[in-house]
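Please look over the sequence and the model before reading on.

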Amino acid sequence: MEPLRVLELYSGIGGMHYALKESSVPAEVVAAVDVNTTANEIYKHNFPNTPLLPKTIEGMTLHDFDKLNFDVILMSPPCQPFTRIGLQGDVADPRTKSFLYILELLPRLSKRPCFILLENVKGFETSAARDALLKTLRECDYSFQEFLISPTSLGIPNSRLRYFLIAKRPPGSFSFPTSIMEGFPMCESPDSLAVPHNNPTSSECEREKSGTIIFKLETEQELGRKRIQDSRETVRRLQDFLQEDKEDMDQYLLPPKTLLRYALLMDVVQPSCRRSVCFTKGYGHYVEGTGSVLQSCVDVELETVFKNLELLSEEDKLKQLLQLKLRYFTPREIANLMGFPADFTFPKHISVKQQYRVLGNSLNIHVVSHLILSLKWFIQLYSMSSKVIK
Ligand SMILES: C[S@@+](CC[C@H](N)C(=O)[O-])C[C@H]1O[C@@H](n2cnc3c(N)ncnc32)[C@H](O)[C@@H]1O
């Protein structure tokens, strides 16, 4: 089978490229396009032989696209215009401009790609940008399927609920049972049990509904849900994703000021837990809602530390909290949870803050790889029919 020619748009640090590799579908990334200098350096460091175009997508002409002669587009357009916490500028947000440009180009390409895979945040499915995408796909004779999937569906202890769309041109068409599938086909979806996805407003609402706070501003209902998540044996424990070499770990400990200010708002997990909340690009910099923190000393009970904490003096409060040895997950640990292979590395000069930022913008590789694999049968069909045409 001849390798598919893949165009990776909004390539970032290459999450799509790694997913493609993991799927083992014969394919070659003929070009990756991204405008971010740091992400591009990291991409180049890991994929030195892939042509990387450090430019804006809207800066490329129809002719530039045609020359690449690609069969597949993999893309994760900027998600800020669609996040539930953001302003939801949708198609009016300047960051959506390049995506609308792609939709405008698609019907005009001399050869339309046979497959398209798109990733975005939950929230995209109700946007005008999604309506525009579906309209263009229908006009260009694509069949498509949409999904809302979190890595927990694959037994990974990290919530990262995302919108995905796969689209294909004839021959063959999809026959999935529902318009937006929650989880993979044939896969039990434990997403309904997922913690609120970094959405403080939703947990505030629940708190109002379910009343009593047990400890750490958490209600019985919230704690109950976390307990259920931790009891799912189909999901692996966080300890499988942690770095063993403990050198330099002190730099990840939460500083006293952060502990005193934000302790009650943090999502704390232990190595034995089977859950963590989504790591976003502000992780390590902002505390609230950006990702879980790890309790590295497990000899102390979380509940004991947090019970009546607010009644203590600042000094005693700090003493209590320090016992837990709370630390941030390292960038490597987040990369492990997101499915980046061991040979993925950062260039030496990329700071920890930059590493968190680009990882927060990236995607779960195993999830995307599974979606690519769901296309395998159609890819073989495509490859056979294109041979016949040749
Ligand atoms: C959600 S991230 C994609 C991350 C990528 N899938 C990964 O694994 O790292 C969006 C990316 O789009 C890039 N981007 C945003 N607007 C762009 C534009 N107009 N042209 C090219 N790249 C753009 C950003 O620099 C960012 O790296």
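Two residues are taken to be in contact if their C-beta atoms, placed from the backbone, lie within 7 Å. In this predicted model, the chain is divided into domain 1 (4-189 + 364-389) and domain 2 (193-361), and 24 residues of domain 1 are in contact with 28 residues of domain 2.

On the side of domain 1 that touches domain 2, helix H2 (37-46) and helix H13 (365-374) each supply at least two residues, and H2 gives the most, with 6 residues. The residues of that side of domain 1 divide into 9 nonpolar, 11 polar and 4 charged. The C-alpha centres of the two domains lie 30 Å apart.

## The chain as a whole

The chain has 14 helices and 13 strands, and of its 390 residues 38% count as buried. Among contacts between residues at least 6 apart in sequence, 75% join residues at least 24 apart.

## The listed active site

In an unreviewed entry, UniProt lists Cys-79 under "active site". Cys-79 is found in the loop between strand S4 (72-75) and helix H4 (97-105), and, when residues up to four places away in sequence are not counted, Cys-79 touches Asn-120 and Val-121.

Cys-79 counts as partly exposed because 19 other C-beta atoms lie within 10 Å, whereas a buried residue would need 20 or more.

## Around the ligand

The ligand is surrounded by 22 residues, of which the closest are Tyr-10, Gly-12, Gly-15, Asn-36 and Ser-98. The residues of this shell divide into 10 nonpolar, 10 polar and 2 charged.

Note on methods: Residues are numbered from 1 along each chain as its sequence is written. This is a predicted model: local features need pLDDT of at least 70, side-chain atom pairs count only at pLDDT 80 or more; totals for chains, interfaces and linings use all residues. UniProt positions are given in the numbering used here, feature names are shortened, and annotations may be inferred rather than shown by experiment. Helices (H or I, at least four residues) and strands (E, at least two) are DSSP runs, numbered from the N terminus. A residue is buried if 20 or more other C-beta atoms lie within 10 Å of its own, exposed if 12 or fewer, and partly exposed in between; C-beta atoms are placed from the backbone. A residue is near a molecule or strand if its C-beta atom, placed from the backbone, lies within 6 Å of it. Ala, Val, Leu, Ile, Met, Phe, Trp, Tyr, Cys and Pro count as nonpolar, Asp, Glu, Lys and Arg as charged, and the others, Gly among them, as polar. Domain bounds come from an automatic or database domain assignment.
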